[in-house]
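I opened my notebook to look over a new structure, one piece at a time. Come along and read the entries with me.

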Amino acid sequence: MESSLEIIITIFLFLIFTAVPLFIWYKIGKYFENKHYESIRKREMQLIELAFTPSDTLDPSRRVEAMSLVTGQVVIGSDPFKRYIANLVNIVGGRIAVFEAPIDRARREAVLRMKEQAVRMQADEVVNFRMETSSICGGKSQQPMGIVEVIAYGTAVRYEK
Amino acid sequence: MEERIILTNIDRVPGREIVEHYGLVAGSTIRAKHVGKDIMAGIKNLFGGELTGYTELLNESRQEATERMVAQAKKRGANAVINIRYSTSSVAQGAAEIYVYGTAVKVE
């Protein structure tokens, strides 16, 4: 009798302190992620005309009118649900799928910001595109993913018409 | 006469010829936000997503580092900086270092 009561209490405590909060964090994280992805997709469609390339070759048949360095950067974090799942996956090893979405969001957002800056100077293309990712969670190395910074930069070029 | 310096991350200035080479110029900065912003970022990190406070901080630091690099290039008499690269590293909790470097040159 006593042991079954203990089991019930354990399950109850697990639900109250782990499962329910995790579910809430999952829902909250999902909501903000979907909202962000919606805006990313919309802006990506708007800026699809502007080409960016990691090579540094320019169109040799056209004269360059103006050029400038353009940058875009984003700092992104993860929610507790993702960190919890990642900690579990870390025990058995394997692909940590939960962290792919935040990194993907940060990369695409950084590219969009760079492109927006290029559009402001009416550039025709962005050449020598580079992207760098670094973790800036300093001192909290026990966390699987703390805070990550993505910086995208390149040279925006405007040709003579 | 205040001439605007050309910044680019390709290894030449298209349509113009490099006449002089002044070597490597670099700028770096380490910045931290005040505690309020750190706390705000901590709260924001509970929901996932972008940490606007830190993005702003790194933006400011990047601008400052670039300005320092440009000042160094100007002092040497250059009018363009080519082959610019950025790198970021974390040196302490809530503080980040941004390092930017490039080659100072004079173009026609």
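Below are my entries, from the ground rules to the chains themselves.

**Ground rules.** I am working with a predicted model, where local features need pLDDT of at least 70, side-chain atom pairs count only at pLDDT 80 or more, and totals for chains, interfaces and linings use all residues. Residues are numbered from 1 along each chain as its sequence is written, while chains are lettered from A and ligands numbered from 1 in the order in which they are written.

**Where the chains touch.** I looked up the contacts between the chains and found 39 residues of chain A in contact with 30 residues of chain B. Two residues are in contact if their C-beta atoms, placed from the backbone, lie within 7 Å. On the chain A side, at least two residues each come from helix H1 (2–46), strand S2 (64–77), helix H2 (80–92), strand S3 (125–135) and strand S4 (148–159). Helices (H or I, at least four residues) and strands (E, at least two) are DSSP runs, numbered from the N terminus. S2(A) gives the largest share of this side, 10 residues.

**Strand to strand.** I then followed S2(A) across to chain B. It runs antiparallel to strand S3 (residues 49–50) of chain B, and 2 bridges join them; strands pair if DSSP finds at least two bridges between them. In this pairing A:Ile76 stands opposite B:Glu50.

**Helix H3 of chain A.** I checked the length of H3(A), residues 100–120. Its 21 residues should span 30 Å at 1.5 Å a residue, and its end C-alpha atoms are 30 Å apart, so the two agree. The expected span is 1.5 Å times one less than the number of residues.

Which residues of H3(A) are buried? Among them are A:Pro102, A:Ala106, A:Glu109, A:Val111 and A:Met114. Buried means 20 or more other C-beta atoms within 10 Å of a residue's own, with C-beta atoms placed from the backbone; exposed means 12 or fewer, and partly exposed lies in between. The cover over these buried residues includes H1, strand S1 (51–52), S2, S3 and S4 of chain A. Just after H3(A), A:Gln122 takes a positive phi of about 55°.

**Chain B as a whole.** I counted 2 helices and 5 strands in chain B, in the order β-β-α-β-α-β-β along the sequence. Its radius of gyration, taken over C-alpha atoms, is 17 Å, well over the 13 Å from the globule rule for 108 residues, so chain B is more spread out than a compact globule. That rule is 2.2 Å times the number of residues to the power 0.38. Along the principal axes, the C-alpha atoms of chain B fill a box of roughly 55 × 25 × 25 Å. Of its 108 residues, 35% count as buried.
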